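Please look over the sequence and the structure shown here, and then follow the paragraphs below from a single helix to the whole chains and the contact between them.

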Amino acid sequence: MAGLDVYDPGDFFDELFAAAGRPRPAAAELVKRIQSLPLEELQRRQEAAQNMLFKMGVTFNVYSDNQGTERIFPFDVIPRFVPYSEWERLEKGLKQRIAALNCFIHDVYNDQKIIKDQVIKREVIESAPGFLKSCLGLQPPQGIWCHITGTDLVRNRDGNWYVLEDNLRCPSGVSYILENRRVMKNSFPRFFEALNILPVDDYASQLLEALLNLAPSNVADPCVVVLSPGIYNSAYFEHSFLAQQMGIELVEGSDLVVADGYLQMRTTKGLQRVDVIYRRIDDDFLDPQAFRADSMLGVAGLMEVYRQGRVAIANAPGTGVADDKMIYAYVPQMIKYYLGEEQMLPNVPTYLCEDPKQREYVLAHLDELVVKATNASGGYGMLIGAHATDEERAAFAEHIKGNPRNYIAQPTLSLSRVPTLIDGQFEGCHVDLRPFILYGKDIYVNPGGLTRVALRRGSLVVNSSQGGGSKDTWVVKEGTC
Amino acid sequence: MLSRVADSIYWLNRYVERAENVARFVEVNLHLLLDTPVADLHQQWSPLVTTTGDQTLFNERYGGDASAENVLKFLTFDSEYGNSILSCVSAARENARVVREAISSEMWEQVNDFYLWVKEAANIDLGGEQLYSFYPKVKTASHVFAGVMEATMAHNEGWNFGLLGRLLERADKTARILDVKYYILLPSVKDVGTPLDDLQWIALLKSASAYEMYRKRQRRVTPQGITKFLILDAEFPRSIQFCLLQAERSLHQITGTSLGRWCNSSERTLGRLRSELEYMTIEEVFETGLHEFLDQLQTRLNTVGENIYADFVAMPVAA
């Protein structure tokens, strides 16, 4: 079996190795410790860790999978390593980005200065599917719209970090961060003794504070709930986990009702008022009276109660406008416009298919670009030109011509890699990083984030629904403790 | 507490208890057979199906052939039969899954483990010796669950709903276990009082984990003594009277009504049943006829269950 001593990062940016046999200086201690364990022992701990996750029921559901609804998210024990100095930069960049995006959303639904000042065209905003006319004029508590964000970051071959996507609607994955860490502490207690790894455990407390921050000030003991679509949702485990960790109720639409002008839940002792909802269902489904009439997941009349300021919703309805991949391209301008600052964390260069010139370029270079639908997530509705067949590319070209507003294109990034245990040996696998950011009284970034890893050989797709797995992410302060 | 959550914790406990009791039924029969001269085996297994009340479904699925293997499969691993051990444990887990945030992680892990183990065990050979160790393990898993719940979950409203579910289920199943004996006895009245009959009664006690406790209490094994012990004893945790007493206590913890009063039909029907048993003699039970008595008891337990649903879960809401 091949250990780390013969591991070759090849022509990629590797998070642990500068070159074969040469660990990055900051990661040297970690690599040394991994190497001190025989490969069989690592393999054994890997299996034990997977078992533990399975027993804890840390599973997700796969849409349209008839094999039974639950699967464990594959887990790899080799951690992803982020030196603290680098993390500080990422943290600052993320805070800056969220602050600007929040200003943007508030502006779009209120004064629309950014349109009047001709930084972004009205059509661009109003054509975003996440833009909700019914949210115009809304003033959510404390002026906060995006309370919970899971920004996707990637690292290119040159070692530079880029923001790939802003997930501002109902980002999921944070439960895996917390559970992965629990498993890793069990599997490698000595590593935690020796390295100064930033803890992630205060996420639930921070989230609860951010939610309590939204409660009406005249309520002494506010009732906060997590609203889930139910057990068949792919992220159900997480909904339940977060409710448990915060000690609040997990409710489904059918548990809620609007009565006497307030949102209430059905309890064994009758109706009880709800003050703050952390919703994990999309805007469209929130209220059949305001949005999709066929929604069985939401609560009829919720939006009216919200408009009256009698319940707070996180994230605020309408936040999705900033989650559009075309709007994404304007984030650098937003940062400048609202904060008067230069963007610290760059975007991936993005071609807007709506613009005729850029579209022409995209169509001519389909084989080297990644094309994405502007309002889809989870790795659906996307084309990786270099890996696609001629037919697939031709079909996508037609989609683009048919509805240019719906597509953007980006150069194919060569995602950084981390050694990963596969079938008893180390392989370099591509990773991304999804840190979670909370906007409460202040902006808080949970140290690290969810590292998703593409376990299919050579694959660049890290989504859980498409064969990806995860790793624990260690933000490590220099110097042992 | 959310009505839906209360309902799920209640059913989580009912299903775990049900799985345990199905294991008890089967175990008592397996052991009886070991002590019985080789006779008509069908006659020995069909009473089990009868007492489940699901005879029609069994006939549909197995063409009415109550062979040992068919009955064991039906009661243990038949996923199409809602009250098989596998189905019960699976339903318990589904209920746990929707209330993971309301119960302790340890409870979830135990019930998840239980389910994964039974699912894995579904491949064992129903004619083989492994079978004999399977049923005791089901009982143990259920006991561990109850212990974990006792020790890790706050003794709050949800906990009381769970207890309520567990105890009502247990009362119902103790009644059914007694009923199995009644059916087995029927065809062979001539055996009453023979050493074989004694063995059967002892096996029955053992299936309710009641043998030793009974000995301490009554010493001599008699049908009357055993029936009295399993129905009317106020201290033995599997006796019907004990279950009703404790269930009532949990119910009143939930509502806050003091014992001896009632504020809804759940409290009224459960309190009435409990107090009737409290002042009943075993002679009266036999006057009614044991089978008839147990049958009525089960109907009234069902009514209590329906009332609990109506009072706490399906409340009408004026929107």
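Helices (DSSP classes H or I, at least four residues) and strands (class E, at least two residues) are DSSP runs numbered from the N terminus, and the expected span of a helix is 1.5 Å times one less than its number of residues. This is a predicted model, in which local features need pLDDT of at least 70 and side-chain atom pairs count only at pLDDT 80 or more, while totals for chains, interfaces and linings use all residues. Residues are numbered from 1 along each chain as its sequence is written, and chains are lettered from A, and ligands numbered from 1, in the order in which they are written.

Helix H6 of chain A runs over residues 174–187, and its 14 residues reach 20 Å from the first C-alpha to the last, close to the 20 Å expected at 1.5 Å a residue. A residue counts as buried if 20 or more other C-beta atoms, placed from the backbone, lie within 10 Å of its own, as exposed if 12 or fewer do, and as partly exposed in between. By that criterion the buried residues of H6(A) are A:Val174, A:Ser175, A:Tyr176, A:Ile177, A:Glu179, A:Asn180, A:Arg181, A:Val183 and A:Met184.

Turning to the chain as a whole, chain A holds 15 helices and 26 strands. Its radius of gyration (taken over C-alpha atoms, with a globule rule of 2.2 Å times the number of residues to the power 0.38) is 23 Å, close to the 23 Å that the rule gives for 481 residues, so chain A is as compact as a globular protein of that length. The C-alpha atoms of chain A fill a box of roughly 65 × 60 × 50 Å along the principal axes, and 48% of its 481 residues count as buried.

Chain B, by contrast, has 15 helices and 0 strands. Its radius of gyration of 20 Å agrees with the value near 20 Å for a compact globule of 319 residues, its C-alpha trace spans about 65 × 45 × 35 Å along the principal axes, and buried residues make up 47% of the chain.

Where the chains meet, with contact meaning C-beta atoms, placed from the backbone, within 7 Å, 20 residues of chain B and 20 residues of chain A take part. On the side of chain B that touches chain A, helix H1 (3–35) and helix H6 (105–121) of chain B each supply at least two residues, and the largest share, 4 residues, comes from H6(B).

Note on methods: Two residues are in contact if their C-beta atoms, placed from the backbone, lie within 7 Å.
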